[in-house]
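Welcome, and please keep the sequence and the model side by side as you read.

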Amino acid sequence: MLRMTMWSAIALAAIAAIGCGGRTEKIVPVSGTVFVDGEPMKAGVDGFITLAPPSGRPAIGKIDGSTGRFTLTTYEEGDGAVVGTHEVSVTVNAIGRGGNPASLIPEKYQDLSTSGLTAKVDGPTDSLKIELEGPLKTNVKSYDPRALGDDPGF
């Protein structure tokens, strides 16, 4: 009976060691800056960046609206991104008249399939650069609301 109890305890310990926290991907700390036409993005509002690996969980981060800086999170705040090559999307919206969102950057950057952006993460870094081509709209009130998706005709 003692022998059976000992083997059962060893089997449970082995199952617990294998079954818990079985992540196989390597995640490294990643932060960086979003640039628009070669300058750090200063949109005046915060945005979001997503790095999506070919498989597995994407990393996301908030972009500081005054500096363009971001820090990525995959599972826990600031833990970074999976090592490898990622598709990238960037979203920066302001609230236009009528409360509708208005993109401050070309809308193609908001979707992983149309952004044309990729990033390679091969180790910890605090200087990942994401380059966008403008224009960066900083004053949404000077634009035609219909062009910003804020058509008051609803």
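Asp 37 counts as exposed because its relative accessibility is 53%; exposed means over 50% relative accessible area, buried means under 20%, and partly exposed is the range in between, with a 1.4 Å probe and protein chains only. Asp 37 sits in the loop between strand E2 (30-36) and strand E3 (39-40). Its backbone deserves a look too: phi is positive at about 50 degrees, although Asp 37 is not a glycine. Strands (E, at least two residues) and helices (H or I, at least four) are DSSP runs, numbered from the N terminus.

A word on the source: this is a predicted model, in which local features need pLDDT of at least 70 and side-chain atom pairs count only at pLDDT 80 or more, while totals for chains, interfaces and linings use all residues. Residues are numbered from 1 along each chain as its sequence is written, and side-chain values use heavy atoms, with hydrogens and water left out.

| Residue | Relative accessible area | Class |
|---|---|---|
| Asp 37 | 53% | exposed |
| Gly 56 | 55% | exposed |
| Thr 74 | 4% | buried |
| Ser 31 | 10% | buried |

Which residues does Thr 74 contact, leaving aside neighbours within four places in sequence? The list is Ile 27, Arg 57, Pro 58, Ala 59, Asp 79, Gly 80, Ala 81 and Val 82, where contact means heavy atoms within 4.5 Å. Thr 74 belongs to the loop between strand E6 (69-71) and strand E7 (81-82), and with 4% relative accessibility it counts as buried.

Ser 31 is a residue of strand E2. Not counting residues up to four places away in sequence, Ser 31 touches Arg 69, Phe 70 and Thr 71, and also Thr 125, Asp 126, Ser 127 and Leu 128.

Gly 56, in turn, is found in the loop between E4 and E5. Its C-alpha atom is separated by 9.9 Å from that of Thr 74, and the two residues are 18 apart along the chain.

**An open sheet**

Now for the strands around that loop. E5, E4, E8 and E11, in that order, make up an open sheet of 4 strands with antiparallel pairing; two strands pair if DSSP finds at least two bridges between them. Strand E5 (59-63) and strand E11 (117-121) are the edge strands, each pairing on one side only. On average, neighbouring strands of this sheet are turned by 30 degrees against each other, direction ignored; the axes are lines fitted to C-alpha atoms, and angles in general run from 0 to 180 degrees between N-to-C directions.

Going across the sheet, strand E4 (residues 47-52) pairs with E5 in the antiparallel sense over 5 bridges, and Gly 47 has Ile 63 as its bridge partner in E5. E4 and E5 form a hairpin with 6 residues between them, and Gly 56 in the turn has a positive phi of about 100 degrees. E4 is also joined to E8 by 5 bridges, again running antiparallel; there, Leu 51 has Val 88 as its bridge partner.

Strand E8 (residues 84-91) is in turn joined to E11 by 5 antiparallel bridges. In this pairing, Gly 84 stands opposite Val 121, and His 86 stands opposite Ala 119. In a regular strand the side chains alternate between the two faces of the sheet. E11 has a covered face with Leu 117, Ala 119 and Val 121, while Thr 118 and Lys 120 are on the uncovered one.

**Two local details**

The peptide bond from Gly 134 to Pro 135 is cis, with omega near 15 degrees. Pro 135 is placed in the segment after strand E12 (125-132).

Lys 129 lies over the face of Phe 35, at 5.0 Å from the ring centre. A charge sits over a ring if NZ of Lys or CZ of Arg is within 6 Å of the ring centre and within 35 degrees of the ring normal.

**The whole chain**

How many helices and strands does the protein have? There are 1 helix and 12 strands, and along the sequence the pattern is α-β-β-β-β-β-β-β-β-β-β-β-β. Of the 154 residues, 34% are buried. Among contacts between residues at least 6 apart in sequence, 62% join residues at least 24 apart. The accessible surface is about 9500 Å², with 56% belonging to carbon and sulfur atoms; such areas come from the Shrake-Rupley method with a 1.4 Å probe.
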